[in-house]
Structure formats: structure tokens, C-alpha cells
Amino acid sequence: ERERERERERALTMPPQSKKKKISPASAAASAAEEKKKKKTKSKTAPKSTKAANSGEDSESNEEEEDDEEDEDESDVDGEDDDDTFIDVEIEFVTPKEEHFLNLKSYLTAYCDGSQYNVSELVDMILKQDDVGSVIASRVSAEEEEDPLGVMTVISLDKAKEFKCLQEIKAHIVKKAPKEEAKLVRDALNAKKTGLILSERLVNVPQDIGGPLIKHLFDEIKWAVKDEKKKEFDFDQYVLVSRCFLDTFTPPPSVAGGGKKNNNKKRKKGEKEEEVTELVFPNLEDEIFYEESQWSFMWEAGGEDKPQEFEDSKPMRMCMLIDAKDVGTICEDVQEMFLALSVENAED
């Protein structure tokens, strides 16, 4: 009868079971955090065993449980686990299609430094060019959908009469040009055989895709020109508006001072340290375009957030004119640059 009384007491003290319900992500996270706090409290206040024979084993097991829970908490706070997980991602160049519209629009919205222009019309032009131009996409597996990371294509500026977006882009570039070079810039933009190279991609895309990307674009142009219906791609020159950054820093004394002899000299009181400004291109291949360009000019960029890698640098835009005759040299120099970088990285 005593046993039955105990069972009744247990039944009376047990809380009633509640029905399961859907929980929002926020409430689920809160309840999970609360559960972790409870677990941690329990582990700290766990009663010691009264049996002398098992006290050593119980204390060791409690300590192990506490260590495991502390490790879990640390990994949760850091947002990282001890085990590094690597995922193989394939980068590929695909033909622009309708599903890419929103991604491409987001990459090109700030092209005119925050000034309003018909970006949707520009993206539509890119999607209709199925012969020339590529979307840079990543894919984890064949079963998953591709994830657009950027775009590289060329648009004929001779179409500005038909498309308002090109008129707005041309006006924006001329507005940013130095006064003494405004006519030179305007003439280049209004020339019948000028192509506008659009090259926008995420900063964290692997840099070494620049080589094959450039080659792929100009190979497509070469193939398109062979078709009588695609003579619009027979360009004499190209205009490229590139993203770049001005990075100002103070070099070590060995650089600023000009050698060991000058390093030994004490800096005069109140004398400022020499600063150096370096031009940095997120898309490394743009540096080769810059070196081979006929002319170029820069202005301070706006309308977009700076990537974390360049948070201390000044965002700029650079417009440059490239002669079509120099494309072969540019492609070769780009390939050599990335080959040298791969060798350097392998040695490191």
C-alpha cells in the first residue's frame, strides 16, 4: 500500500502534457538559449553522491559533463566549431537568363554612384544578349541551383539612341570627367564603334577567375563578329568604368627613410610621418586595362557600402578607354599576371 501511495503522489505532482505547437525562429532561439542556461546551472549545482565508493567516479563524470557543456557554449559564442568544414564550390560562366535578373540588378544598381538610372532596362539588355556576356555563378552540386556572383559583358554604346539607360550612363561619365577632358570623353562615348564593358562582381570571388573571364569575353566577341547579324560587336575601342580604392598608409622607416643610413636619423619634433597612397583594384585584371589604356580619370564613388576588406580605403571609380588593337596584349598580360600569382602562392 505504501508503494501505491507513492505512485499516486508522483502522478499528482507530474505536470500535465501540453500539445506541440509551431515556434518561430526567434522564439526557438530564445528557448534554446534558456535551455542551455538551465543545463549549465544543473551541471554546476549537481549534488554529489553520498556513497563513498562512487563519489570519485561521480565527480569525474560531472567534471567531464561540465567541460563538454563549456566547450559547447564556447563554440556557440564564437559562432565556430573546432572542426573546420570545407565545401568544394564550382565557379562557372553561364549565359545570362531571366532567373538572374534580381542578382544582376543588385550588382549594377550603384553603377552610377547612387544616381537614379534605368538599371532594369540595362539588365534586360544583358539578358537578351545570349551570344556575348557571362554571369559568374557558383554551384555546390549538380542538384543545387546556381548562385550568381557577378557579371561581365559588353554593350554597344551606339544603341544609346534606343535605350535611356545608356544615355544616362554616358551623361554620368561626362559629368565626372575633368573639364579639360570632357570633349575627349564625350567624343569617345559617342563614337559609333565603342563598346561599354560591364564588369561587376563580389569582392570575395576568387581572383584567379579574372584570366579565363577576360579571355572568354573577347573570344565571344570574336565569334560574334563572324556572324553578319552581330556586327554591332565589331568595336574599335572599349570604355571600362572600374571600381578601385585609394589606400593611404605610412610605410616602414626603411621605405620612407630611404635606407639604413636615414633610419638612424631621429625624427624632428612635430615632423609628420610620410604617407603613401596606393591605387588598388578589387578585380586584379583591371590593373592591366589601366596600364594599357589610352586615357583614364577617377572620381570619388558613392551609392554603395564599402567591402570589409577596404573599410579604411577611399572608394573610387575609374573610367578608361582601351583601343581594340591592344586587347591581345591585355589578355596575354592578364594571363601572365595570374600565372605569376599562382606560382607565388604555391611557394608560400
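Start by selecting residues 210-225: this is helix H8, 16 residues that reach 23 Å from first C-alpha to last, close to the 22 Å expected at 1.5 Å a residue (the expected span is 1.5 Å times one less than the number of residues; helices are DSSP runs of H or I, at least four residues, and strands are E runs of at least two, numbered from the N terminus). Keep in mind that you're looking at a predicted model, where local features need pLDDT of at least 70, side-chain atom pairs count only at pLDDT 80 or more, and totals for chains, interfaces and linings use all residues. Residues are numbered from 1 along each chain as its sequence is written, and side-chain values use heavy atoms, leaving out hydrogens and water.

Still on H8, colour the buried residues, among them Leu213, Ile214, Leu217, Phe218 and Ile221. Buried means under 20% relative accessible area, exposed over 50%, and partly exposed in between (1.4 Å probe, protein chains only).

Next, pick Val89, in the loop between helix H3 (52-78) and strand E1 (90-94). Val89 has a relative accessible area of 41%, so it counts as partly exposed.

Now jump to helix H5 (residues 119-128) and click Asp124. With a relative accessible area of 32%, Asp124 is partly exposed too.

Last stop: Glu274, in the loop between helix H10 (260-263) and strand E6 (276-280). Glu274 is partly exposed, at 46% relative accessibility.
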